[in-house]
Amino acid sequence: GALRQFFDKQFVAEFLSTFLLVLLGDGSIAQWMLLNEQTSDSAPFLSVNFGFGAAVAFGVYLAGGISGGHMNPAVSIALAVVGKFNWRKVPKYITAQMVGGFIGALLVFLTYIDRLKGKNNDKFRGIFATYPDPGTNTGGQVLDQVIGTMILLLIIC
């Protein structure tokens, strides 16, 4: 029926690819932040770059041939806007991406929960989200996100 059609192999592929992206990406940030807390030498941020790079590659390898490996609601919407993706599939893809991302973040949280207890939440919340520099204004922050997303979509679409 309709439910089986919604939760098909494309849904599973988008779920798993976004799950991997967040699990490995956020996991690399968590290990970097917690490692830097324990050592006087700053661990190179390159480990985070490699973590996210591997996460995107693994997600595309896993889902590319099944769902296209969008891994981002903005990608699914943009592809539909330019006519390269069926609008009827957008809600399914976004649902899979949101659930996969949330479960990936939840597993990172559960993995590091004992290490995060009693920590300064302002410092370690960056494991799960990005935050602007307090010195920037809202307009600059919006412009940053619009330009970054535009570049991503220009490359993909």
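This is a predicted model: local features need pLDDT of at least 70, side-chain atom pairs count only at pLDDT 80 or more; totals for chains, interfaces and linings use all residues.
In what follows, I count Ala, Val, Leu, Ile, Met, Phe, Trp, Tyr, Cys and Pro as nonpolar, Asp, Glu, Lys and Arg as charged, and the others, Gly among them, as polar.

The protein has seven helices and zero strands, so that, read from the N terminus on, the order of elements is simply α-α-α-α-α-α-α. Along its principal axes, the C-alpha trace spans about 55 × 35 × 25 Å.

I would like to begin with the largest pocket, which holds about 920 Å³ of space. It is lined by 30 residues, and those closest to the centre of the pocket are Leu21, Val22, Phe52, Met71 and Asn72. Looking at which elements give two or more residues to that lining, we find α2, which covers residues 9-38, α3, which covers 46-63, then α4 and α5, and finally α7, which covers 138-156. Sorted by the classes I started with, the lining of this pocket consists of 17 nonpolar residues, twelve polar ones and one charged one.

Helix α4 runs over residues 73-81 and helix α5 over residues 90-116, and their axes come within 9 Å and cross at roughly 165°. Because an angle over 145 degrees counts as roughly antiparallel, α4 is roughly antiparallel to α5. The crossing in which α4 passes α5 is right-handed. On the α4 side, the residues involved are Pro73, Ser76, Ile77 and Ala80, and they meet Val90, Tyr93, Ile94, Gln97 and Met98 in α5. By class, that contact has seven nonpolar residues, two polar ones and no charged ones.

The other partner is α7. Here the axes lie 10 Å apart, and the two helices, α4 and α7, pack at an angle of about 55°, and they are therefore oblique to each other. Again the crossing, this time of α4 past α7, is right-handed. From α4 the contact takes Ala74, Val75 and Ala78, which meet Thr149, Leu152, Leu153 and Ile156 in α7. The residues of this contact divide into six nonpolar, one polar and no charged.

Key
Residues are numbered from 1 along each chain as its sequence is written. Side-chain values use heavy atoms; hydrogens and water are left out. Axes are lines fitted to C-alpha atoms, for helices over the stretch in contact, and angles run from 0 to 180 degrees between N-to-C directions. Helices (H or I, at least four residues) and strands (E, at least two) are DSSP runs, numbered from the N terminus. Angles under 35 degrees count as roughly parallel, over 145 as roughly antiparallel, 65 to 115 as roughly perpendicular and the rest as oblique. A crossing is left-handed if the near helix is turned anticlockwise from the far one by less than a right angle, and right-handed if clockwise. Contact means heavy atoms within 4.5 Å. On a 1 Å grid over the protein atoms alone, a cavity is a set of points where a 1.4 Å probe fits but cannot get out, and a pocket is an open set with protein on both sides within 12 Å along at least five of seven lines; lining residues have an atom within 4 Å of a point. Grid points are joined across faces, edges and corners, and a volume is the space filled by probe spheres set on the points.
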